[in-house]
Amino acid sequence: MKIIANADYVKRKKKSRLSQVFMCAPLTVWVVALILLPLLYLLFMSFMTKGPMGTVKYIFSVESYIRILEPEYFNVVKKSVFIAAISTLACVLVGYPMAYFIASKKKISGTLMLMMMLPFWTCALVTIYSFVIMFSNSGLVNTFLMKLGIIHEPISLLYNNFSVAVGMVYELLPFAVMPMYSSIEKMDKSLIEASKDLGAGPVRTFLQVTLPLTKPGIFAAVILTFIPCIGYYMITDMLGGGTTMLIGNVIYNQFTSARDWPFGAALSCILAAVILILMYVYTKFGGDLDDLGA
Amino acid sequence: MSDVNEKVSDEVIVSLLNVEKWYGSNNVVKNMSMKIKRGEFLTLLGPSGCGKTTTLRMISGFEEPSAGVIKIENESVEMKEPYQRDVNTVFQSYALFPNMTVFDNIAYGLKVKKVPKDEIKTRVEEMLELVQLKGFEKRRIDQMSGGQKQRVAIARALINAPKVLLLDEPLGALDLKLRKQMQLELKRLQKKLNITFVYVTHDQEEALTMSDRIAVMNGGIIEQLDSPKNIYEHPKTKFVATFIGESNIFEAAVNEVKEDCAVVGMECGRGSILPDDVSLGDNIYVSVRPEDMRFDTESVEGFNIKAVVKEFIYIGNITKMVATLSNGDEIKFTRLHTGKLPQVGDVINVYWSLKDGIPIPTETAAELQALKNVKIG
Ligand SMILES: Nc1ncnc2c1ncn2[C@@H]1O[C@H](COP(=O)(O)OP(=O)(O)OP(=O)(O)O)[C@@H](O)[C@H]1O
Ligand SMILES: [Mg+2]
């Protein structure tokens with residue numbers, strides 16, 4: 001009897017597995033056709049040779065990867081990572097208190113989150129332009145300061161590393177606030193009371209209880225801001241004024257003006273590898289990949 | 001029912017004086033005054049929403065009273081934050097830190113107080129032994145069962161040797177068997193450590209078995225604060241009579257007061273009670289426990305209450321009998337005399353020993369209405 005029942009169970013299990021495959025089919029096709037294949041093509045391309053006039057010769061070479069190590073490009077990579085790291089840090093430092101505040105205002109937290117998300121839904125081009133208008137030499141801030149007589153000639157607030165970093169924070173703050181908000185909100189508030197009940201003051205309670213328990217949200221915020229930061233070429237273009245070239249701009253140039261597809265592909269692959277490593281570290285620290293999609 | 005704990009002193013450790021709590025226009029705790037004695041096991045008992053948790057949270061400092069004074073050891077705690085008060089709480093949801101081990105959870109309070117490391121170690125070990133969790137120190141919280149988490153929560157609070165331990169339905173999430181076992185353990189711990197416990201529950205049986213004194217709460221007020229024995233045998237209000245155990249309640253008027261008894265007239269007939277505490281013309285309730293109800297085929301002196309047997313209900317080892325009075329109200333009997341039981345439909349004469357008919361003053365009409373809205377547990 002038992003064996004028969006068992007066989008039945010196995011059959012049913014097989015059947016359900018089959019139906020799972022069918023249910024996943026559209027998604028699988030989607031992922032393979034639109035994500036996996038292009039990535040593989042990118043990887044393939046990165047090992048090809050550049051031909052004349054922007055053509056590609058299908059001959060295997062690692063030349064593109066070696067070129068990345070040339071100081072000219074390697075410095076760009078270093079600088080990209082540096083600016084992305086600074087921007088990410090700023091996003092987290094600014095975003096955490098914001099997320100905490102929003103989560104603590106239970107009644108209006110929905111509205112506050114919506115307001116937080118508005119710039120994120122607006123076309124990035126528009127928001128960056130508004131940024132330019134605010135901070136350019138004849139922009140709002142400079143005019144205002146001059147009218148007040150605090151300064152006599154416009155100070156250049158744009159087109160430097162700093163303005164790029166500020167622009168990144170401006171654009172990417174919602175990505176940082178979202179996951180941190182969700183993990184602060186999910187946290188059991190009675191734990192904070194328990195800590196205070198046991199004699200811990202607010203600072204200790206924050207460091208020992210709140211911070212460790214919202215770590216997954218902070219990690220997710222780091223990943224969600226660092227990755228776009230490294231690749232965002234639009235912000236660098238508009239706020240860096242050509243002086244601040246980041247890896248995203250270099251890749252963009254390779255595929256457009258320079259027409260060196262293998263080199264562009266190699267840079268892209270390096271970028272993808274960095275991201276994958278970050279994701280791996282994230283899961284190693286106990287992060288949940290689902291939180292990144294939240 | 002335990003008798004009064006001999007270790008309870010008369011010294012007051014926590015006192016509430018005319019304490020009020022308003023949430024907007026909702027008056028949750030009404031003009032509450034209460035003195036909690038050092039070393040006693042005091043239970044706040046009442047139906048859901050009557051303000052038990054709110055009262056506890058005002059003592060621990062997580063809620064501020066809207067009016068009134070709370071004193072711990074004769075010192076007003078108005079300006080003290082929760083972490084500055086010498087009380088600890090066992091939360092209903094345990095509220096154990098999931099990012100720490102059992103050891104670190106229990107050691108938390110001592111680490112905050114910067115107690116030396118080796119002292120922490122020995123004291124945590126002592127605590128673990130006390131709550132019978134030796135060998136669990138390295139475990140993560142999510143690897144513990146409900147009952148084990150409960151013990152960790154108790155150990156985490158007790159290790160600080162608080163003057164008062166506040167427990168908010170600490171056994172609420174446990175199954176019946178574990179609950180009974182933990183009740184005994186908690187009582188044992190309380191006696192052993194001689195710490196004042198303020199315990200919240202809506203389970204009357206739990207309150208009766210564990211407490212030195214019970215404060216029966218209803219709608220933000222304390223209806224009666226007394227020993228379990230007195231609460232059960234001498235309920236002061238109709239609410240107490242019906243919330244703690246079952247009671248048959250008769251509306252009555254005192255018609256005659258004699259030396260050895262008082263005769264009361266009711267809608268369903270005439271009965272007698274002891275003459276103490278009543279005077280001629282009073283309108284009262286007479287409360288009689290189902291186990292104190294008697295019946296006979298003959299009429300009994302001093303009583304003239306007729307009822308028709310409606311049904312018998314078998315509940316394990318006891319049989320309950322329900323009978324209908326002439327005015328349509330139902331009354332309940334338990335602890336039936338063996339011998340000849342009446343048949344359904346028989347007419348019986350109802351009576352009780354004089355001492356078992358407990359007179360209770362009538363509430364105002366508004367209070368009666370409130371009573372009707374409370375689910376009697
Ligand atoms: N923060 C709050 N804001 C507004 N109303 C509240 C708040 N906390 C509690 N109340 C209200 O106060 C009343 C008493 O609540 P309390 O939690 O003290 O009840 P309780 O006796 O502990 O009930 P239970 O047995 O269900 O836990 C309830 O009507 C509740 O709705
Ligand atoms: Mg409660």
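What is the mean pLDDT of chain B, and what share of its residues reach 70 or more? Okay, so this is a predicted model, where local features need pLDDT of at least 70, side-chain atom pairs count only at pLDDT 80 or more, and totals for chains, interfaces and linings use all residues. Residues are numbered from 1 along each chain as its sequence is written, chains are lettered from A and ligands numbered from 1 in the order in which they are written, and side-chain values use heavy atoms, leaving out hydrogens and water.

Back to that question: the mean is 88, and 93% of the residues of chain B reach 70 or more. By the way, pLDDT is the predictor's confidence in each residue, from 0 to 100. Over residues 373-377 of chain B, though, pLDDT stays under 50.

Now, the domains. Chain B has domain 1 (12-238) and domain 2 (249-372), with bounds from an automatic or database domain assignment. Their centres, taken over C-alpha atoms, are 39 Å apart.

How do they meet? Eight residues of domain 1 of chain B contact 10 residues of domain 2 of chain B, contact being heavy atoms within 4.5 Å. Together the two domains bury about 820 Å², 58% of it on carbon and sulfur atoms. That's the accessible area (1.4 Å probe) two parts lose on being put together, summed over both. On the domain 1 side, B:Tyr232, B:Pro235 and B:Lys238 lose the most area, together 71% of what that side buries.
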